[in-house]
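Please look over the sequence and the structure below before reading on. The briefing that follows goes through a few local features, one topic at a time.

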Amino acid sequence: MDIKKLKLSRKPSTLSPKGSIDGLQGGNLEGWAAQIGVNEPLVVAAYTSEGELLGYGKADQMREDLLEHGVNEGYHGFSIAINEDNLSPGSEIVLKDYITHKTIQTNSYITPTYDKQLSVSVDSVIKNRLNFTVTSSVAIGTAVLRFSHKGIAFCDHAIESDGTYINDHIWLPAVLLNGHENQVDIHVIGAHDRAGWGIVNSDPILTPSEYLTHSNTSQSFISRQAGADWRYESLVLQLDSCGGDASAIDRITTAHRVLVESHEGRKYYPKLSLPFHKQPQFSIIIPGYNKFELTYHAIASIILSYNECSYEVIIADDCSTDETSEAENLIENIVISRNEDNLRFLRSCNKASSLAKGNFIVFLNNDTEVKSHWLDALYEQHAIDESIGLTGSKLLNLDGTLQEAGGIVWGNGEPWNAGRNENPFAPEWNYAREVDYLTGAAMCIKADVWNEVGGFSDEFAPCYYEDADLAFKVREAGYRTVYVPHSEVIHFEGQSHGTDLKKGLKSYQKVNEKTFRAKWFKQFRNRVKPSLTDLQLEKDRNIEQRVLVLDYAIPQPNQDAGSYAAVEEMKLMRALGFKVTFVPDNLAHMGKFNRQLEALGIEVLTVPFYVSVRDVLERRLDEMDAVYITRYSVAEKYIDVIKAKGKPVIFNNADLHFLREIRAAITADDEGLLTSALQTKKAELAVCKKADAILCYNDKEHAVITSHIYESDKLFITPWVLGERQFKTPIDEREGITFLGGFNHMPNIEAVLFLVEEVMPKVLASNPDITLYIYGSKMPESISKLETENIKMVGFAESLDDVFNNHKLFVAPLLSGAGIKGKVLEAMAYGTPSVVTDVAAEGTGLVSNVNAVITNNASDFAAAIVDLYSDNEKCQNFSEATINLSADKFSRSSGLAKFKEIFESVGLYTTR
């Protein structure tokens with residue numbers, strides 16, 4: 001639509017345009033608008049009554065009813081895709097001529113309140129079939145879902161619900177089968193708001209891949225294969241890391257070519273080369289009896305996949321008669337455990353484990369293909385917690401759907417592969433959690449634990465249930481068994497032993513089922529019987545209670561101290577035995593930061609699986625024992641809904657916003673800022689009154705809140721945990737002074753300006769050799785351009801070691817703000833001597849001239865920097881004192897004790 005041409009062609013008129021709003025359907029506002037007597041179509045814009053633009057478009061659709069009633073020639077209907085984020089039930093919509101901005105005379109239109117609450121989540125796309133789940137809290141009877149793309153509806157689909165989950169599907173139109181990502185919006189006809197949305201990516205070639213292997217290496221088909229995306233990722237990572245080494249490039253590209261060619265029908269075996277490590281971290285054991293084409297394919301995927309962990313590969317050859325018998329001639333650096341007699345799966349694996357050099361033993365089926373970082377993700381869990389003895393990967397089907405996300409043993413002894421055929425990206429399957437067992441198709445155990453429990457139990461020979469039995473033995477020995485979602489392995493299920501329970505090794509599945517049930521009956525007898533409705537709760541093992549955590553966004557610990565604190569607080573909850581579910585108010589997935597939380601065992605809910613926080617509360621609040629909310633701006637939106645459900649609310653104010661704003665207003669001498677601060681005060685204290693427990697980071701905020709709400713018994717000091725930092729560089733070998741702070745926080749900008757304009761000129765007048773280094777994320781140009789010879793604007797700090805280990809002093813001249821200052825605590829933990837203001841020292845325990853210098857005047861601040869910078873003995877004394885203070889006041893053990901007290905105050909008692 002060329003707006004400029006329309007403006008030039010539009011004839012001026014003194015008459016107001018007229019029209020009508022018919023309603024909202026599937027995210028589109030429908031109606032008509034026209035300049036009576038002028039056939040030229042209007043460009044219509046829809047606004048809220050507050051003036052927010054919702055969308056615009058041409059009113060040029062033919063309407064027979066308009067023609068019948070003499071409205072020009074009838075071409076004045078419109079259907080405009082609108083931005084629903086700016087709408088809420090009961091909003092008034094106003095139409096205007098987009099060119100002239102004249103208001104179009106229409107009927108008054110108020111967006112309806114839809115009382116049949118439901119949400120829709122896109123689960124998966126298989127070929128041209130879109131699978132979705134409808135969730136409703138009440139019986140809604142019949143409703144019609146409208147599926148649309150870019151405002152154009154392509155399917156209306158009727159559903160019926162009795163107030164539970166509905167799993168259903170539609171067929172995608174050909175226009176969306178283009179091999180690209182497309183957004184699908186889902187509405188309920190008759191409702192103004194969107195019920196759900198999802199990103200779909202479907203291939204235009206629907207022929208099953210097994211019938212296209214003849215074209216795997218042909219133009220346009222290499223990238224269409226299942227697995228092309230993760231193979232490309234592995235190829236990029238490997239090539240980036242090999243540094244141009246020709247032999248490494250040849251090894252990697254050969255493995256990639258093997259995978260592209262597929263294992264099916266393979267007769268030719270180019271030589272593969274595994275890396276050699278004298279003392280590998282992992283020993284990967286692949287049991288094999290013939291079917292070398294599968295084993296060869298699996299090893300090629302191991303070579304291509306990128307991992308920082310070192311490994312060796314051991315083939316457990318159980319008297320094969322095919323190319324497996326000469327594998328050492330086809331795969332360089334392979335280790336072979338070759339049996340003289342046919343030992344079958346279990347005993348063959350036990351025998352092969354005697355050759356393992358690694359600290360961890362991985363059992364990997366030969367009908368698998370691994371993704372990059374699959375070993376690193378397993379190692380990460382063992383590194384996080386030494387009590388973890390056994391881990392297992394997420395298993396995927398070749399089409400990308402979920403095959404297994406850890407195992408459950410029900411109360412009747414029946415094992416269950418959790419998550420089968422679900423969406424592998426759904427948050428419910430993407431956080432590390434304790435499970436009953438891990439499938440032997442991709443399972444990792446500490447070598448010393450393997451030896452301690454005696455490997456696979458011989459009573460389950462030749463195969464089946466040996467993996468479940470091993471998990472129960474590992475737990476009996478005092479270790480944990482954990483599912484690792486970010487270790488991803490594709491499993492061509494049924495390729496090794498088939499699927500017929502009456503034939504071959506598969507027949508032992510029923511036999512060993514009885515043996516397993518008899519052996520471990522006491523361990524599972526009190527659990528619920530098989531029930532898919534209980535699956536979401538039953539899949540979480542060894543948790544005592546459940547906490548929902550709300551904050552404004554996914555924490556990014558390398559960006560700001562508040563994010564660091566948020567993560568540490570959730571780690572404390574996990575250590576107390578709580579299952580933690582985190583929800584960002586904006587519901588935005590933040591890539592690696594989501595994964596960091598999930599690796600810690602924290603479930604993270606985001607779009608498109610949940611469409612709003614209210615959707616989360618509707619679907620998940622009942623299972624929660626408490627809700628932990630950070631920031632009053634988040635709490636005020638949802639606290640009433642949560643309290644109405646009878647759930648206790650723990651409110652962490654992060655910092656007392658109105659106190660920070662009042663301090664900033666006083667510093668700036670701005671009455672407007674003060675008025676705004678008083679409004680914040682009213683809203684923030686209202687949340688405090690409703691909360692069951694209030695957390696503050698320092699005593700001053702504690703006292704301020706108490707003076708207003710008179711309920712000191714529900715106020716607590718929020719624990720801050722500082723891990724041990726390494727003091728690397730001696731004081732006399734360091735250079736310069738440093739400041740750290742994110743520049744999306746105004747107090748940090750104020751502090752830098754104070755440093756640059758008022759403090760540093762006085763410092764340099766006394767000692768021109770002192771250089772100030774300023775670190776911080778999101779540094780604006782207005783700050784970076786202040787750089788001089790003695791003031792270095794470094795920007796984002798990749799590592800805190802660079803900030804606190806390289807420079808002699810840390811300075812924090814904060815003039816406003818509230819809460820506790822993470823930057824000051826980090827300096828303490830590192831033992832970096834500090835010069836700070838009163839505001840910066842709040843809650844830290846620092847005492848002036850005992851373990852830091854605390855002063856507020858620019859001249860005194862500058863003098864303190866100059867004096868301390870030249871006194872190495874005093875710096876060393878301050879350093880030792882702050883390290884001891886941080887270890888005493890901000891230890892993990894004291895944090896656990898405080899959090900235990902906080903949760904007990906709202907009725908949640910733990911045994912840990």
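How many bridges join strand β3 to strand β4? The count is 6, and the two strands, residues 42-48 and residues 53-59, run antiparallel. The model is a predicted one. The points below take up this strand pair, then a helix, then the cysteines.

**Strands β3 and β4**
- Together, β3 and β4 make a hairpin, with 4 residues between the two strands.
- Within the turn of this hairpin, Gly51 has a positive phi of about 95°.
- Leu42 has Ala59, in β4, as its bridge partner.

**Helix α15**
- Helix α15 covers residues 613-620, and because 6 of its 8 residues are buried, the helix is largely enclosed by the rest of the structure.
- The buried residues of α15 are Val613, Asp615, Val616, Leu617, Arg619 and Arg620.

**Cysteines**
- A disulfide is a covalent bond that links the sulfur atoms of two cysteines.
- The structure contains 0 disulfides.
- Cys688 takes part in no disulfide, and the nearest cysteine sulfur, which belongs to Cys696, lies 7.2 Å away; a disulfide would need the two sulfur atoms within 2.5 Å.
- Cys688 counts as buried because its relative accessibility is 0%, where the cut-off for buried is under 20%.
- Cys875 also has 0% relative accessibility, so Cys875 counts as buried.

Methods: Residues are numbered from 1 along each chain as its sequence is written. This is a predicted model: local features need pLDDT of at least 70, side-chain atom pairs count only at pLDDT 80 or more; totals for chains, interfaces and linings use all residues. Side-chain values use heavy atoms; hydrogens and water are left out. Two strands pair if DSSP finds at least two bridges between them. Buried means under 20% relative accessible area, exposed over 50%, partly exposed in between (1.4 Å probe, protein chains only).
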